[in-house]
Amino acid sequence: EDNLSAQVLQGLNGGSWIRKLFEEGTRLKAIHGADNVCDFSIGNPVIDPPASFLKALQEEVASAAHGSHSYIPNQGLPEARAKVAQFLSERFAVSIRHEHVVMTVGAGGALNVALKAILNPGDEVIVLVPYFAEYKGYIENYGGHAVPCLLTEDFQPDIERLAQVITPRTKGIIVNTPHNPTGAAFEQARLDALGKLLQDAQHKYGHSIYMLFDEPYSQLIYDAQLANPFISYNRVVVASSFSKDLGIAGERLGYIALAEDTPNAELLTNAFVYCNRTLGFVNAPVLMQRAVARMDSLKVDAYGYRERRDLIVSVLEEAGFTFTKPEGGFFVFPKSPIEDEVAFCQHAAQQYRILIVPSRGFGLPGYFRLSFSVSPEQIERSRPLFKALMNDFK
Ligand code: PLP
């Protein structure tokens, strides 16, 4: 087909049903108006950035000096890296130095940089199923293979299954908590057990294995505590962003960070900086780095998302869906009342103008994903619709 990459064409066709649903959503909105469609399909932060960020951004723009918009070092501005280092050091009670922080183009950029830095073709990276659909593409960008490993029924890392999927080719695992698409916050004890497995595997195979810790929802956490990967393991690469907690997903600012005592921290950092450059990112958006560096604190309040989480839980419970209550992030992952969840999602769109995402794109059929990063009004409006939808399958 037009002499394009076979891998890209395969990826394009693989998502065709997602596109169909998306087109159906666009069609419904055009006919009935966006306010008459309940769109739960989009993972965009609905809450605007905190006043502290907007103020810092305004001050930055107002005071921009000659050269403020030029290239900066590939690693990022020292003052932005220092801010991230301080924030993460406090959160994880571990020493993270700005020398071991690299500013990136979002968490997506961070993961691509980290994967490029560690992967040789044929290497394996474990992904916990269901998984953020982009992981597979990110891993394959560098000739790696994504090795799926199913989470437990309540969406926690399954240590027995993990032990079975580690091979001599395992180079890393991506751990995302709070988790997209399920909303689970992984327990410390599970991470500890995973850390032990990885430690044993490093010993057995005589090479390094990395835990890529993807935590863009870490400040959107409601009932649980964020597990601390640095307690569990010694080769942790935090690859994350400000997209969700600061609500600046479109501004593309993320970071990679290593603890000071990570083996070969300097070599690893140099590799990340090299990859940031050679992947063509060059440096992360500089205005955003300056704005973040100006903020007193990177901490945010998740109240607005907690309120939405509680609302959607009551809507889904009332309708009779089976699901695990999300502890963080802004997604929930209920069971489809019929095996064919694509048919279920199509029915929801056609009969009730409810847009939800079939789960097979996340590597696990039989469920659907719903984003509660929407207005509380929309969640309330959907209450009778979800009830009626569920009744159709009773
Ligand atoms: N990782 C997870 C689990 C996500 O859900 C997302 C975005 O939805 C990303 C990474 C990418 O984040 P960013 O927009 O910062 O690149």
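Let's start with a pair of helices: α3 (residues 51-63) and α11 (residues 286-294) have axes that come within 8 Å and cross at roughly 120°. Keep in mind as you look that this is a predicted model. An angle over 145 degrees would count as roughly antiparallel and one from 65 to 115 as roughly perpendicular, and α3 and α11 are therefore oblique to each other. As for handedness, α3 passes α11 in a right-handed crossing. On the α3 side, the residues that touch are Phe 53, Ala 56, Leu 57, Glu 59 and Glu 60, and they meet Leu 287, Arg 290, Ala 291 and Arg 294 of α11. Sort the residues of this contact by class and you get 5 nonpolar and 4 charged, with no polar ones.

Stay with α11, and bring in α4. The axes of α4 and α11 also come within 8 Å, crossing at roughly 50°. That angle makes α4 oblique to α11, and here the crossing is left-handed. From α4, the contact takes in Glu 79, Ala 80 and Lys 83; from α11, Gln 289, Val 292 and Ala 293. The class count for this contact of α4 with α11 is 3 nonpolar, 1 polar and 2 charged residues.

Now follow the chain out of α4. His 98 sits in the loop between α4 (78-92) and β2 (101-104). Is His 98 buried, exposed or something in between? It has 18 C-beta neighbours inside 10 Å, so it counts as partly exposed; 20 or more would have made a residue buried. Leaving aside residues up to four places away in sequence, His 98 touches Pro 78, Arg 81, Ala 82 and Ala 85. Take Ala 85: His 98 lies 13 residues from it in sequence, yet the two are 5.4 Å apart in space, C-alpha to C-alpha.

Next, the ligand. Which residues of its shell come nearest? There are 13 residues around the ligand, and the nearest are Gly 106, Ala 107, Gly 108, Ser 241 and Ser 243. Helix α5 (residues 106-118) supplies the largest share of the shell, with 3 residues. By class, the shell around the ligand holds 8 polar, 4 nonpolar and 1 charged.

Another loop is worth a stop. Asp 158 is located between β4 (145-150) and α7 (159-165). Asp 158 has 19 other C-beta atoms within 10 Å, so this residue is partly exposed. Its contacts, again not counting residues up to four places away in sequence, are Cys 149, Leu 150, Leu 151 and Thr 152.

Finish with one more helix pair. Helix α12 (residues 303-319) packs against helix α14 (residues 376-391) at an angle of about 15°, with the axes 8 Å apart. That makes α12 roughly parallel to α14, and α12 passes α14 in a right-handed crossing. The α12 side of the contact includes Leu 311, Ile 312, Val 315 and Leu 316, while the α14 side includes Ile 379, Phe 386 and Met 390. Charged residues take part too, among them Glu 307 and Arg 308 of α12 and Arg 383 and Lys 387 of α14. Overall, the contact of α12 with α14 has 9 nonpolar, 1 polar and 5 charged residues.

Conventions
Residues numbered from 1 in each chain as written. Predicted model: local features only at pLDDT ≥ 70, side-chain atom pairs only at ≥ 80, totals over all residues. Helix = DSSP H or I, 4+ residues; strand = E, 2+ residues; numbered from the N terminus. Buried ≥ 20, exposed ≤ 12 C-beta atoms within 10 Å, placed from the backbone. Contact = placed C-beta atoms within 7 Å. Near = placed C-beta within 6 Å. Axes fitted to C-alpha atoms, helices over the stretch in contact; angles between N-to-C directions. Parallel < 35°, antiparallel > 145°, perpendicular 65-115°, else oblique. Left-handed = near helix turned anticlockwise from the far one by under 90°.
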